[in-house]
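Welcome! Please take a look at the structure shown here, and then follow this short briefing through it, topic by topic.

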Amino acid sequence: MSVFLPLVDADSSNSDLLTALARIGPLLIPPSLQNTPVVPQNATQYILLDAESSLTPDKAIALFDHGADKLILPLSIAKDLIGLVPPERLLLLLDVANVSAVSDKIRNGVSGVLIKTPSLDVDFISSFSRFFAGSSIHVLPTTLTEAPSRSTIRALQGANTTLVIPTALLTLSATDDKQINVADAFLATVSSDRKDGLFPTVVSSYPDGGRTLGLVYSSYDSVKESIVSGKGVYQSRKHGLWRKGETSGATQDVVHIKLDCDADALEFSVVQNGAGFCHLEQLSCFGSGAPTGLAALERTLQSRLVDAPEGSYTRRLFHDPGLLRSKIMEEADELCRAQTKEEVAFEAADLVYFALARCVAEGVSISDIGRSLDKKAKKVTRRPGNAKPQFSQTSPSTAEPPAAQGTTAASTTEAPKPSPAPAPSSPPSSLPDEPIRMRSYDLAQTTAAERAQLLRRPVLKSDEMIAKVKPIVDDVRQRGDAALLELTAKFDKAQLASAVVRPPFAPETMQIADDVRAAIDVAYANIRAFHAAQDTQDTLRVETMPGVVCSRFARPIARVGLYVPGGTAVLPSTALMLGIPAQVAGCREIVLATPPRADGSVSPEVMYVAQLVGASAVLKAGGAQAVAALAYGTATVPKVDKIFGPGNQWVTAAKMLVQNDTDALVAIDMPAGPSEVLVVADGSCTPAFVAADLLSQAEHGVDSQVVLVAVGLPDARVAEIEAEVDRQARALSRVEIVRQSVAKSIIVHARSVAEALAFSNDYAPEHLILHLADAPAAVAVVENAGSVFVGPYSPESCGDYASGTNHTLPTNGYARQFSGVNTLSFQKHITSQEVTADGLKSLGPVVATLADCEGLDAHANAVRIRLRALA
């Protein structure tokens, strides 16, 4: 703790005194002096709010945001801040008569007290300080008109109490009856265990994070001079006072002087000038003192700023703002995509290098950055934490991009970093004025390992996301509707009385424009026609041998949950794609879950579709909490047997979690990943069409997977497609997302349609678009794809909305083993067998023999007991 705490008068104008005091401890100041020229910049600020203060809690918190280290405040204000502000930032202001009336809650919510007392009697002060054992205790005598003695300061320190001394009673001159010298007060408790009475003193470098420069000795006089002058002054055991650098020029500017815990040693935190602290003209007496880490990098960059050769890469960094900006953005993106601890450290180092280059170019030092960080750390008010639109990511609940198709993770969430691919032929663009371009590879020139890298998707960290959503899922499972409503208020900012709406739905909730209604009706008719054709109610019946008839018949899954992303997005298409096959399959209960808007309403387009598909309930909730409610059920939310639908990474992780919980007894449609498209194009293609198809998926999110397989296209034709991509992308509202996703997308050059489709089958895309001269013939070669779009007039958008096929498709390569959502996804197939007596006579011995072979006597007995009865 401080030896004493100076109370700065509101009308104080003695800047030299305050500067000296700031070197040895905190200053206690009134709010009116905060951030004024009177208070030194490096001062630790304790702000005193007196009992008559009318400051509101919000204004008190603003004092922290403007740099206050601690507030000393009366009980009337403190009780409103406790719980909002960390205890170590608060001290309670009390009159001595009230010390015993403080509750445990208040006592535990502050780090100490400042007690106003009429007496400086140590025994009297000790009698009430017991109420605050373990806390820092400061006393302010209300009748102090003369300077306290060193013995009084020492005695109070012995009672673990710090004396508050008004600056009117402090001086830089010699101590007298009216004022005590600042150094006399500071050194009142210092003692030495050395015969010469000197104090061991550690000297550390303030700019280098406290790095030790050397060990010296101080005397009463040397410390006193350092406090006043702000220069490093020590005591030579042979030559008396040693004013560091007086002859060599290696002077020191003292920032802080501190006592150790036993008050028998000191630390001087200094800014070392000149060649260094050591007489060997090096920074530290402990070795060469060569800086490491950030300090070393800073010095290297500072040197290169001055002498980097003309035309060198480093000189370009300093003098080409566009290049430096590109590198910072590139390395930030690489850091976000790093997977392992080693990769994170490597990419972070690269980012720091370029960020520090930017700082050095502008004359900003690590110390400047440190001061800015210190200011930020003192703030109590926190920013909302929202990213700027061009860098925005989805929230745990909603925030899906418009018209998000496929069972994808959140389109705007940052994807994990994929494994290294072959080096791109040109770097990805990042500046607004640079072309928006893809990266190019030639299958004829890639090795097997490089080809495998081109086929890889980003590695999805499902375990990490499941760990994040588990507390949300568990909360809903345990507390039901109460947790669901709280989480909806937290993530979707919607205050709901009930999360469930049941039919008949109010007409005012379904009011949509006539053209939108007409479009939805056409889409509904097309999608229903295609999915109704898939519904086979006929029972399969086969007589496998005389008297043995086997059957298979379909039954709808009774209760299904359909997740439709919402919030800021309007996605009636997803509601159609999920609701229609459920309706056609004959599901008894269809629960449509969608995040509400801030006013608690659901998109009227989605509500209209809910009515069309016969939804039995609409759950106004999103994210993991909606998935949990569907999986386990609540008092108002029906439990379902299978959950369908796309969502962000929180939704996907929650679906994966609940499907593996045997208590939930719920299935999901399929694994999910970022949305993707692969376009195969030959010389017959229209570049504008190809570019438009690529962009239709690229706009979903920065993690979208976009691939163009160019079949024998000359460089000029590929350049036409790239030019169209750039031109069309710049006209899109989501151009910043497209800029990032396209930069990570690839063009693969193939020599033939066969080679192109072989690559596509290995890639197994969610959407496969064929811009080929004989596109229908190529369909026969397709083995793995979620949905195929054949010919130049079959844009992927048609399947997304209204052609009739379903847009909920397998991603991340799962088209190798999964189908897209269809009518059969909402059905289960049950088998039956009927064996006659004659049939059992023929089949029974076969069954009994196999049961005996497996050692399952009861199985064999179930047959033989019947055969004996028939004998």
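Phe759 and Tyr763 are both buried, where buried means under 20% relative accessible area, exposed means over 50% and partly exposed lies in between (1.4 Å probe, protein chains only). The two residues are four apart in helix H25 (residues 753–763), which puts about one helical turn between them. Before going further, note that this is a predicted model, in which local features need pLDDT of at least 70 and side-chain atom pairs count only at pLDDT 80 or more, while totals for chains, interfaces and linings use all residues. Residues are numbered from 1 along each chain as its sequence is written, and side-chain values use heavy atoms, with hydrogens and water left out.

**Aromatic rings**

- A pair of aromatic rings is described by the distance of the centres and the angle of the planes.
- Rings of Phe, Tyr and Trp (its six-membered ring) pair if their centres lie within 6.5 Å; planes under 30 degrees apart count as stacked, over 60 as edge-to-face and the rest as tilted.
- Searching the whole structure turns up eight aromatic pairs.
- In one of them, the ring centres of Tyr234 and Trp242 are 5.7 Å apart and the planes are at 55 degrees, so this pair is tilted.
- Phe759 and Tyr763 have ring centres 6.4 Å apart and planes at 20 degrees, so their pair is stacked.
- Tyr234 is buried, at 0% relative accessibility, whereas Trp242 is partly exposed, at 32%.
- Tyr234 and Trp242 belong to one aromatic cluster together with Phe268 and Phe277.

**The whole protein**

- The protein has 29 helices and 31 strands; helices (H or I, at least four residues) and strands (E, at least two) are DSSP runs, numbered from the N terminus.
- Its radius of gyration is 38 Å, well over the 29 Å that the globule rule gives for 871 residues, so the protein is more spread out than a compact globule.
- That radius is taken over C-alpha atoms, and the globule rule is 2.2 Å times the number of residues to the power 0.38.
- Along the principal axes, the C-alpha trace spans about 120 × 70 × 65 Å.
- Of the 871 residues, 51% are buried.
- Among contacts between residues at least 6 apart in sequence, 67% join residues at least 24 apart; a contact means heavy atoms within 4.5 Å.

**A largely enclosed helix**

- How many of the nine residues of helix H19 (residues 604–612) are buried? Seven are, so the helix is largely enclosed by the rest of the structure.
- The buried residues of H19 are Pro604, Glu605, Val606, Met607, Tyr608, Val609 and Ala610.
- Their cover includes helix H17 (514–533), helix H18 (572–585), strand S22 (589–594) and strand S23 (617–620).

**Backbone details in loops**

- Pro503 and Pro504 are joined by a cis peptide bond, with omega about 0 degrees.
- Pro504 sits in the loop between strand S18 (500–501) and H17.
- Glu281 is not a glycine, yet its phi is positive, near 60 degrees.
- The loop that holds Glu281 runs between strand S16 (266–272) and helix H9 (293–307), and Glu281 is exposed, at 64% relative accessibility.
- Ala764 also has a positive phi, about 55 degrees, although it is not a glycine.
- Ala764 lies in the loop between H25 and strand S29 (767–771), and is buried with a relative accessible area of 0%.

**Two residues and their contacts**

- Thr212 is in strand S12 (residues 211–218) and is partly exposed, at 34% relative accessibility.
- Not counting residues up to four places away in sequence, Thr212 touches Val202, Val203, Ser204, Ser284 and Phe286.
- Leu487 is in helix H16 (residues 481–492) and is buried, at 9% relative accessibility.
- Apart from neighbours within four places in sequence, Leu487 contacts Ile472, Asp475, Val476, Asp492 and Gln625.
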